[in-house]
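I opened the model to look up a few features and kept notes as I went. The entries follow in the order of looking.

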Amino acid sequence: MFFLPNRTFKKQTILSKIILGIFFFYVAGCTTFDFRNLFSGYIRYEKEAGGIWVRLPLKEVDHLPVIYLSLDKDREPLRFLIDTGAFVSFLSEDHVPENSPKRVLSASFPGGSVQSVRRTIRNDLFIGGIRPFESVEFYSHVFPKELRVDGILGMNAFLGSVIVLDLPDRISIWRSSTASPAPGFLEENLFPMFLKSGQPSAVLLRPPGTRKESWILDTGAEYSVLDWDTIKSDHSTEYVEGKEATVFNFGGGRLKAKIRTLRPFCPVFVKNDSEGIGFCTPELEVFPGGIPPDALHSDHRRGIVGILGRNWMENYRILLDTKRSLIGIVGKESVLRNE
């Protein structure tokens, strides 16, 4: 999911650039039973040289990557959408106390904008008796009925962490007391990560084009997105027109368009001025537009042209190392050693 930040206010003080977020919607195999696993599934701990992986299961709710987390160890789990397309996190207003601090949230998104007072809260999150996320700040929100979740975990929940997204099955957290790099990703598969208004983006080329482009990795988007008007000056992008699709924006509105299928889709992720590695899929369905205008720019240093949604990300294991500002990409055939 994706929307463009305007400004956020705390009482009368401006907090700039909070969000760029919603659109489109200790041994290997060691497990212990906990009644909360009836909701969340089993947690796995896998020791590796330099640290340990904490593997957290995801569930598909209306094809969305959802994790069941509790606001307290003894409370019933809630459904949280994993959404790297949102910089801040959101929680249903029913779970945010009335006397919580208030801020004005101001943001634009495809098809509209929002400016309203929101209650905020900081809370740890628990699963199966452990605490994988600490002191996450949430903004209260009323979710549209089409989005059957209680909250959204945005990128602010992952800052300072090293995670691997293995959609649609799980999210893994790497913990190392020695700050060792996460295993499983060769140096050649690591690329610079740029946080554009808080969202993880990478620079890539789309052959035969030679212009560098910035794309965001968004687990909240079902489809990938490409803005044809922004890219048209580089080279002609051929596509096959497909079915009509509907996506929901942050305000509960709907956007409709005919999907365009790229065959094949072979982006080259840029490591530096002279190196890059290509990742090829036979085809990719993209939604033709919908990115907020203020986020778009053909210059990769000034804006984005596209979004890599779940229909691309589910083909790979994706590392988001916010400590070293790196994105890692390996194929699903690169099976974890302990599985």
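Which residue does a disulfide join to C266? I noted before searching that this is a predicted model, in which local features need pLDDT of at least 70, side-chain atom pairs count only at pLDDT 80 or more, and totals for chains, interfaces and linings use all residues. Residues are numbered from 1 along each chain as its sequence is written, and side-chain values use heavy atoms, with hydrogens and water left out.

**Disulfide**

I took a disulfide as a pair of cysteine sulfur atoms within 2.5 Å. The partner of C266 is C280, with an S to S distance of 1.7 Å. The count by this rule is 1 disulfide. C266 sits in the loop between β22 (254–262) and β23 (268–270), and C280 in the loop between β24 (276–278) and β25 (284–287), so the bond ties together parts that are 14 residues apart in sequence. Strands here are DSSP runs of E, at least two residues, numbered from the N terminus.

I then checked exposure, where buried means under 20% relative accessible area, exposed over 50%, and partly exposed in between (1.4 Å probe, protein chains only). C266 is partly exposed at 29%, and C280 is partly exposed at 49%.

**Cis peptides and positive phi**

In the loop between β22 and β23 I also found P264, which a cis peptide bond joins to R263, with omega about -15°. Another cis peptide bond joins L167 and P168, with omega about 5°; P168 is in the loop between β14 (162–166) and β15 (170–175).

I looked up H63 for its phi, which is positive, near 70°. H63 lies in the loop between β6 (59–61) and β7 (64–69) and is exposed, with a relative accessible area of 58%. S325 has a positive phi near 55°, is placed in the loop between β27 (316–321) and β28 (326–331), and is partly exposed at 37%.

**Strand β18**

Is strand β18 mostly covered or mostly open? Of the 7 residues in β18 (199–205), 6 are buried, and the strand is mostly covered. I counted two strands as paired if DSSP finds at least two bridges between them. β18 pairs in the antiparallel sense with β17 (194–196) over 3 bridges, with β19 (213–217) over 4 bridges, and with β23 over 2 bridges. L205 stands opposite V268 in β23. The hairpin of β17 and β18 has 2 residues between the strands, and S197 there takes a positive phi near 50°.

**S89**

I found S89 in strand β9 (89–92), buried at 0% relative accessible area. For polar contacts I looked for N or O atoms within 3.5 Å, one able to donate a hydrogen and the other to accept it, with residues adjacent in sequence counted only if both atoms are side-chain atoms. The side chains of S89 and N156 make a polar contact of 2.7 Å. A polar atom of the S89 side chain also lies 2.9 Å from the backbone nitrogen of G154.

**Nonpolar core**

A nonpolar core is a set of buried Ala, Val, Leu, Ile, Met, Phe, Trp, Tyr and Cys residues joined through side-chain atoms within 4.5 Å. The largest has 70 residues, and L56, I67, F80, L153, W312 and I318 touch the most other members. Domain 1 (42–176) and domain 2 (187–331) both give residues to this core, so it lies between them; the domain bounds come from an automatic or database domain assignment. Apart from this core I noted another, of 15 residues, among them L255, F287, A295 and I304.
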